[in-house]
Protein chains: 2
Amino acid sequence: MVKSQGIKMSDTPVCQVNCIHEDVVNRLKPDINRIEGIAYIFKALADDTRVKIIYALSQAELCVCDVAALINSTKAAASYHLRLLNHMGLAKYRKDGKLVYYRLADQHIGNLVSEMIKVRSVKEND
Amino acid sequence: MVKSQGIKMSDTPVCQVNCIHEDVVNRLKPDINRIEGIAYIFKALADDTRVKIIYALSQAELCVCDVAALINSTKAAASYHLRLLNHMGLAKYRKDGKLVYYRLADQHIGNLVSEMIKVRSVKEND
DNA sequence: TTTACAATCAAATAATCCCTTGACTATTAT
DNA sequence: ATAATAGTCAAGGGATTATTTGATTGTAAA
């Protein structure tokens, strides 16, 4: 049972992965290697707090403290997420006196969220 | 400037959040509260490795070591993600001898990923 | 000018998540 | 039976990310 004791065990394999279906794997590999950074967009939606914010902004332009009230959080937390969405290019803002109003940069992401909400509520009524 | 020295400062506010637009906030609040677990789905896509796996599975049924080879990882890592997708109801598997073949539970998510890839490659050619 | 408040920022903590490692199960072949 | 290989599982490290706290900036009103 001893494992590394001289180089036995029929010369342990060099690469750990010996895939079973080389043909398919080789065909898909180039495509796969080109996939990079796609998840980035989905990360924006991978958090319930941000989904709530995106939905809210799809319905109305809101200031930071409105958003904080909606998601039951501090203004700092709301500000954090709004800034994040802004840096990702998903939200924009305008200043008006003391207030900062946020809105969606475009409605696509809002629609995506709305669709997901619909899909889920359909599934619930089974 | 001393801060908590007797209860002055015009009786510091009870709740930290005073939202500015009560009407809008009150209107949206019920909707927002119902949003819970939507991010769950998006989490599946919030990781480049899983995006690759989902794309691969949308093209062919694959065993674990094929997937490992495709994403340049160990079998344990591939298994981890496949199990995760399975638990989320996004992937299914069948056993055949020593092998376990995974496939997408339905093509919707595969289409979503493919669309995202297309969108991105269009943007690249600007 | 002073006070109040919206918003942001920085630092620290808390929570999450991906991946590695090594052990384990199950199936096939020698 | 023994060995080899596909796959899974549990524990832990390491990295990223969410949230809290307290201080700071900027604007508006008293």
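This is a predicted model: local features need pLDDT of at least 70, side-chain atom pairs count only at pLDDT 80 or more; totals for chains, interfaces and linings use all residues.
Me: Is A:Lys52 buried or exposed?
Reply: A:Lys52 counts as buried, because its relative accessibility is 13% and the cut-off for buried is under 20%.

Me: How many salt bridges does a search of the whole structure find?
Reply: Over all chains, the search finds eight salt bridges.

Me: What about A:Arg34 and A:Asp31, how far apart are they in helix H1 of chain A?
Reply: A:Arg34 and A:Asp31 are three residues apart in helix H1 (residues 22-34) of chain A, so about one helical turn separates them. Their side chains meet in a salt bridge at 3.8 Å, N to O. A:Arg34 is exposed, with 57% relative accessibility, while A:Asp31 is partly exposed at 27%.

Me: And which residue forms a salt bridge with B:Lys118?
Reply: That residue is B:Glu115, and the closest N and O atoms of the two are 3.4 Å apart. Both B:Lys118 and B:Glu115 sit in helix H6 (residues 108-124) of chain B, three residues apart, which is about one turn of the helix. B:Lys118 is partly exposed with a relative accessible area of 49%, and B:Glu115 is partly exposed at 42%.

Me: Switching to DNA, which residues come nearest to DNA strand C?
Reply: There are 26 residues around DNA strand C, and A:Cys65, A:Ser79, B:Arg50, B:Tyr80 and B:His81 come nearest. Of the atoms of DNA strand C that come within 4 Å of the protein, sugar and phosphate account for 80%.

Me: How far is a phosphate oxygen of DNA strand C from the side chain of B:Arg50?
Reply: An N or O atom in the side chain of B:Arg50 is 2.6 Å from a phosphate oxygen of DNA strand C.

Me: What about DNA strand D, how many residues surround it?
Reply: DNA strand D is surrounded by 25 residues, and the closest are A:Arg50, A:Tyr80, A:His81, B:Cys65 and B:Ser79. Sugar and phosphate make up 79% of the atoms of DNA strand D that come within 4 Å of the protein. A polar side-chain atom of A:Arg50 lies 2.8 Å from a phosphate oxygen of DNA strand D, while for B:Val64 a polar backbone atom is 3.1 Å from one.

Me: Last topic, which residues touch the most other members of the largest nonpolar core?
Reply: A:Leu62 and B:Leu62 do, in a core of 73 residues. Leaving aside neighbours within four places in sequence, B:Leu62 is in contact with residues including A:Val24, A:Leu28, B:Val67 and B:Tyr101.

Notes: Residues are numbered from 1 along each chain as its sequence is written. Chains are lettered from A and ligands numbered from 1 in the order in which they are written. Side-chain values use heavy atoms; hydrogens and water are left out. A residue is near a molecule or strand if one of its heavy atoms lies within 4 Å of it. A polar contact is a pair of N or O atoms within 3.5 Å; within protein, one must be able to donate a hydrogen and the other to accept it, and residues adjacent in sequence count only if both atoms are side-chain atoms. A salt bridge is a side-chain nitrogen of Lys or Arg within 4 Å of a carboxyl oxygen of Asp or Glu. Helices (H or I, at least four residues) and strands (E, at least two) are DSSP runs, numbered from the N terminus. Buried means under 20% relative accessible area, exposed over 50%, partly exposed in between (1.4 Å probe, protein chains only). A nonpolar core is a set of buried Ala, Val, Leu, Ile, Met, Phe, Trp, Tyr and Cys residues joined through side-chain atoms within 4.5 Å. Contact means heavy atoms within 4.5 Å.
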